[in-house]
Amino acid sequence: MKYSNLLITGSAGFIGFHLTKRLAESESNILCIDNINDYYSIQLKLDRLENLGFAKNDCLEWNKVITSSIFPRLKFIRMNIEDRESLPIQFENWNFDAVINLAAQAGVRYSIENPNSYIESNIVGFLNILECCRKFNIKHLVYASSSSVYGENEEIPFAESHFVDKPLSLYAATKKSNELMAYSYSHLYKIPTTGLRFFTVYGPWGRPDMAPMLFANAINNNLPIKVFNNGEMSRDFTYIDDIVSGIIIALNKSIKLLNYQILNIGNGAPVNLLDFINELENKLNREAQKDFMPMQKGDVSRTWANTEEIHRLGFRSTTNISQGVEKFVKWFRDYYNENSN
């Protein structure tokens with residue numbers, strides 16, 4: 001299925017940037033939305049947007065549509081998705097066929113300190129997206145959920161059919177809420193919706209608050225890294241290019257059942273945290289100083305994606321940890337060397 005006019009929210013974010021760059025090479029007209037908040041480095045977000053062809057100063061102006069200097073079909077506007085006045089105007093002006101909602105307040109630990117921002121963006125903002133999809137007859141809404149919804153689930157690997165009513169953080173609770181809200185709108189208004197449960201995404205242009213960037217920065221600067229749960233943790237690390245491929249596959253496949261589906265997107269092969277750190281050490285050619293710490297509130301000891309459902313749609317993860325970490329470290333060195341001058 002091909003779409004003429006696409007909306008991508010959260011396009012200055014890690015996943016949104018990579019997805020936008022891939023889809024910008026298609027024949028679709030794309031509007032990108034992001035509020036460029038300061039949850040982490042605004043500079044990194046602006047650098048991502050600049051890589052998409054948007055002038056940094058223009059990006060900082062609110063509610064101004066600007067055109068990419070690289071991709072003529074690509075436009076950007078700084079906006080909050082919870083803006084109930086401005087968002088419907090864009091839907092009306094653009095006549096979108098499909099929406100990919102990646103805008104959200106991210107971070108498990110941050111949700112303990114700043115709960116209000118999660119409700120505003122992840123609940124109120126998502127409701128605004130759903131209402132616009134209802135009013136403007138969107139053919140497909142794809143939205144970011146998270147592997148964090150599995151919470152205390154003890155069955156492994158995590159499958160979409162598993163019980164997920166025990167979230168361990170407010171962030172996870174908002175993502176589960178998104179799935180329930182989408183189900184209601186799919187049922188009531190026949191809006192096709194696909195929720196994507198992402199598993200530990202890493203790679204170039206990654207978020208500085210996530211383990212790969214935190215570890216790489218510390219190792220590179222001979223600083224200690226915090227290893228939680230005394231290293232007894234494993235994650236289904238999934239390289240960003242594979243995540244993007246999964247999103248596009250999900251976007252282009254029609255939904256056959258109830259106008260609603262949930263899909264895991266993961267590597268399907270959990271890696272011990274200490275093994276991941278060892279890969280970083282090898283690629284950075286430096287040894288990490290490890291501070292072993294107890295488990296953090298809201299965290300889980302392991303994640304592991306059952307990927308059978310998305311495999312049926314044709315998805316396969318193709319990047320192993322060694323390859324992914326090598327690509328990440330190359331970008332890390334290039335980016336921070338360039339920006340330290």
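This section describes a pocket, a surface patch, a helix and several salt bridges in a predicted model.

The second largest pocket has a volume of about 500 Å³. Its lining comprises 19 residues, of which Leu257, Tyr260, Gln261, Ile262 and Glu309 lie closest to the centre. Helix H7 (170–189), strand S12 (260–265) and helix H11 (308–312) each give two or more residues to this lining. Sorted by class, the lining residues are nine nonpolar, two polar and eight charged.

Tyr183, Leu257 and Leu258 make a nonpolar surface patch of about 340 Å². Tyr183 is located in helix H7 and is partly exposed, with a relative accessible area of 40%.

In helix H8 (residues 211–220), the buried residues are Pro212, Met213, Phe215, Ala216, Ala218 and Ile219. Asn222, which follows H8, has a positive phi near 55°.

Twelve salt bridges were found in the whole structure. In helix H12 (residues 321–338), Lys330 and Asp334 are four residues apart, about one turn of the helix, and their side chains form a salt bridge with an N to O distance of 3.0 Å. Lys330 is exposed, at 55% relative accessible area, whereas Asp334 is partly exposed, at 40%. Salt bridges with shared partners join Asp47, Glu50 and Lys56 into one network. Asp47 is buried, with a relative accessible area of 6%, while Lys56 is partly exposed, with 23%.

A further salt bridge links Arg134 to Glu131, with the closest N and O atoms 2.9 Å apart. These two residues are separated by about one helical turn because they lie three residues apart in helix H6 (residues 115–135). Arg134 is partly exposed, at 30% relative accessibility.

Key. Residues numbered from 1 in each chain as written. Predicted model: local features only at pLDDT ≥ 70, side-chain atom pairs only at ≥ 80, totals over all residues. Heavy atoms only, no water. 1 Å grid on protein atoms, 1.4 Å probe; cavity = no way out; pocket = protein on both sides within 12 Å on 5 of 7 lines; lining within 4 Å. Points joined across faces, edges and corners; volume = space filled by probe spheres on them. Nonpolar A, V, L, I, M, F, W, Y, C, P; charged D, E, K, R; others polar. Patch = residues over 30% accessible without salt bridge, like charges linked within 9 Å, V, L, I, M, F, W, Y side chains within 5 Å. Areas by Shrake-Rupley, 256 points an atom, 1.4 Å probe, with all protein chains shown as cover. Salt bridge = Lys/Arg side-chain N within 4 Å of Asp/Glu carboxyl O. Buried < 20%, exposed > 50% of the residue type's maximum accessible area, 1.4 Å probe, protein only.
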